[in-house]
Amino acid sequence: MSTRSRQRGGGGFVGAIKADVQRLHGAWMELVFPRQRGRGHSVMGKWKPETLPQKVGYNAWSILGLFGLLLLYPLTVIGLATRYYAAKLDSTRTRLGIVGVTGVALLGWGLLTVAWGAMSYMEQVDIPIDSVLAVAAASGVATVSTALAAACTKAGGRAVTVIFAYPFAMTALFLPPVVAALVTPSLHPYILDPSYEFAAWALDNVLTLGGVNEYLRSNYQLEGAAYAAMWLGISIPLGWFLGIVVALANLVRPSQ
């Protein structure tokens with residue numbers, strides 16, 4: 001058992017969970033009561049309630065925090081996994097720099113656009129020039145989004161990363177395949193049809209509050225560019241969600 005494992009209150013998976021929960025609960029308690037995270041206040045010691053009102057409030061806040069952990073800890077696990085893969089990508093960004101990352105994205109999507117254009121001139125493949133231009137536009141979106149995500153990450157700061165970097169990264173991931181599918185009928189069963197099914201599920205199960213689903217059904221049709229708008233609308237809040245859970249993971253485990 002390593003020194004770090006012993007410091008966390010036990011080795012292995014169970015010990016890591018115990019330490020995470022204790023750290024989260026301590027942070028929750030410290031929102032109202034001073035000196036609750038133990039080792040951070042080793043000189044003064046952990047504050048404890050003395051009067052009856054203090055004890056009642058302390059215990060009530062503690063129990064409320066335990067219920068909150070039922071929601072927060074699974075999100076923390078998602079954040080830890082996201083942070084792991086984001087760190088891998090950030091390591092690549094650090095080695096290549098913003099220009100290098102942008103160049104790789106430009107090369108990859110540029111080759112796809114060139115290949116699409118070459119196929120449009122082949123006699124056995126009928127791809128309209130408009131489709132090639134659409135894929136080129138999608139490639140441009142992916143390249144710009146990748147560059148902006150890398151720039152925001154390099155700028156540093158938790159707020160900038162959460163608000164901008166993660167949504168740009170999600171946009172670079174989601175939008176180009178959708179645009180390509182819009183102009184390529186053979187891709188519809190793999191991208192647009194599942195997108196339609198997902199939208200129907202969301203309208204029936206997620207967007208029912210306040211009649212949002214009825215408003216969307218009455219005023220919009222999911223066809224053409226609406227698919228791209230849908231995934232752009234998904235990528236932004238999804239990026240915010242991932243950024244927030246990573247920030248939560250950083251609170252629980254500040255270092256790798």
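This is a predicted model: local features need pLDDT of at least 70, side-chain atom pairs count only at pLDDT 80 or more; totals for chains, interfaces and linings use all residues.

**Entry 1**

Residues are numbered from 1 along each chain as its sequence is written, and side-chain values use heavy atoms, with hydrogens and water left out.

F168 sits in helix α5. I take helices (H or I, at least four residues) and strands (E, at least two) as DSSP runs, numbered from the N terminus. Setting aside residues up to four places away in sequence, I found F168 touching S145, L148, A149 and C152. Contact here means heavy atoms within 4.5 Å.

I placed C152 in helix α4, residues 129–155, and its relative accessibility of 13% makes it buried. Beyond its neighbours within four places in sequence, C152 contacts V160, T161, F164, A165 and F168. For A165 I noted a C-alpha to C-alpha separation from C152 of 5.2 Å, at 13 residues apart in sequence.

Is W231 buried or exposed? I found W231 buried, at 16% relative accessible area, and located it in helix α8. Not counting residues up to four places away in sequence, W231 touches F174, V178 and S195. The C-alpha atoms of W231 and V178 are 7.9 Å apart, although the two residues are 53 apart along the chain.

I then looked up the largest nonpolar core, which has ten residues: L175, V178, V179, A181, L192, A199, Y227, A228, M230 and W231. α5 (158–182), α6 (192–205) and α8 (225–252) each give at least two residues to this core. Apart from it lies another core, of five residues, including L24, L69, L248 and V252. By nonpolar core I mean a set of buried Ala, Val, Leu, Ile, Met, Phe, Trp, Tyr and Cys residues joined through side-chain atoms within 4.5 Å.

**Entry 1: the second largest pocket**

What is the volume of the second largest pocket? I have it down as about 580 Å³. A pocket, on a 1 Å grid over the protein atoms alone, is an open set of points where a 1.4 Å probe fits, with protein on both sides within 12 Å along at least five of seven lines; lining residues have an atom within 4 Å of a point. Grid points are joined across faces, edges and corners, and the volume is the space filled by probe spheres set on the points.

The lining of this pocket has 17 residues, and A199, L203, L216, L222 and M230 lie nearest its centre. α6, α7 (212–219) and α8 each supply at least two lining residues, with the largest share, six residues, coming from α6. I sorted the lining into 15 nonpolar, one polar and one charged. In that sorting, Ala, Val, Leu, Ile, Met, Phe, Trp, Tyr, Cys and Pro are nonpolar, Asp, Glu, Lys and Arg are charged, and the others, Gly among them, are polar.

I checked N213, which is in helix α7 and buried, with a relative accessible area of 9%. Leaving out residues up to four places away in sequence, N213 touches L203, L207 and T208.

G68 lies in helix α3, residues 52–120, and is partly exposed at 29% relative accessible area. I noted 9.0 Å between the C-alpha atoms of G68 and H25, which are 43 residues apart along the chain.

**Entry 2: the whole chain**

To finish, I stepped back. I counted eight helices and zero strands. Of the 256 residues in the chain, 32% are buried. Among contacts between residues at least 6 apart in sequence, 64% join residues at least 24 apart.

Note on methods
Buried means under 20% relative accessible area, exposed over 50%, partly exposed in between (1.4 Å probe, protein chains only).
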